[in-house]
Amino acid sequence: MELWDLYTKDRERTGKTMERGAKHPDGFYRLAVHVCIFNSRGEMLIQRRQLTKFGWPGLWDMTASGSAITGETSGDAAEREMREELGLSISFADLRPALTIHWPEGFGDIFLLERDVDVDALTLQTEEVMAVRWADENEIMELIAKGEFIPYYKDFVGLLFYLRNKSTLHTSPDLTRQQ
């Protein structure tokens, strides 16, 4: 049984939890994470979900994702999901999400990393992941168009590729603010 912390709209833990699969209580939110690993060629590591998965069976998805369980920060959840789904140990201790997306039931923290990962060295969680591979932005857009990738908004996927190696939203520093 997996338990998820419940949060206020301001992302404060309430001390209440819900069980995975239970009806989501109105007025409360949960935390999920998405990890996108890009290689030095600008490709994203994507995974194909098992046919037995409840949501989006058999479709391609980002590198790893899942819900934070009780007591986890988003970094903790991202580390766990990477380890469980791909057998990849990456510390998220010093990483912050590049984006947070809000959806009706929660918050989705999105981590963008650049690593050249050998896909043949990964240990896939057979209950969750069928396959992994590298794909560039155009390939992912084609997979979305063919209904073979989770139907994210194409502009969202484009934003992930755009932000993959950016550390700020500004094109140059504001020199008037420096002392």
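Visitor: What is the relative accessible area of Arg11?

Guide: This is a predicted model, in which local features need pLDDT of at least 70 and side-chain atom pairs count only at pLDDT 80 or more, while totals for chains, interfaces and linings use all residues. Residues are numbered from 1 along each chain as its sequence is written, and side-chain values use heavy atoms, with hydrogens and water left out. Buried stands for under 20% relative accessible area and exposed for over 50%, with partly exposed in between (1.4 Å probe, protein chains only). Arg11 is partly exposed, and its relative accessible area is 31%.

Visitor: How many residues apart in sequence are the parts that Arg11 and Asp109 tie together?

Guide: The side chains of Arg11 and Asp109 meet in a salt bridge at 2.5 Å, N to O, a salt bridge being a side-chain nitrogen of Lys or Arg within 4 Å of a carboxyl oxygen of Asp or Glu. Arg11 lies in the loop between strands E1 (3-7) and E2 (13-19), whereas Asp109 belongs to strand E8 (residues 106-114); helices (H or I, at least four residues) and strands (E, at least two) are DSSP runs, numbered from the N terminus. The pair therefore ties together parts whose separation in sequence is 98 residues.

Visitor: How wide is the arc that the buried residues of helix H2 cover around the axis?

Guide: In helix H2, which runs over residues 137-145, the buried residues are Ile140, Met141, Leu143 and Ile144. They lie on the same side of H2, because the arc they cover around the axis is only 160°, an arc taken over the directions from the helix axis to the C-beta atoms. An α-helix has 3.6 residues a turn, so residues three or four places apart point the same way. The arc is 160°.

Visitor: Which helix do the buried residues of H2 pack against?

Guide: The face of H2 turned away from the buried side carries the exposed residues Asn138 and Ala145. The buried residues of H2, by contacts counted between heavy atoms within 4.5 Å, pack against strands E4 (44-49), E5 (60-61) and E9 (129-135). The helix they pack against is H3 (154-163).

Visitor: What is the angle between the planes of Phe38 and Phe161?

Guide: The structure holds six aromatic pairs, counted when ring centres of Phe, Tyr or Trp (its six-membered ring) lie within 6.5 Å, with planes under 30 degrees apart called stacked, over 60 edge-to-face and the rest tilted. Phe38 and Phe161 form one of these pairs, with 5.0 Å from centre to centre, and the pair links distant parts of the chain, strand E3 (residues 30-38) and helix H3, 123 residues apart. Phe38 is buried at a relative accessible area of 0%, and Phe161 is buried at 8%. The pair is edge-to-face, with an angle between the planes of 80°.

Visitor: Which ring does the charged end of Lys166 sit over?

Guide: A charge sits over a ring if NZ of Lys or CZ of Arg is within 6 Å of the ring centre and within 35 degrees of the ring normal. The charged end of Arg133 sits in this way over the ring of Trp60, 5.3 Å from its centre. For Lys166 the charged end is 4.3 Å from the ring centre, and the ring is that of Tyr162.
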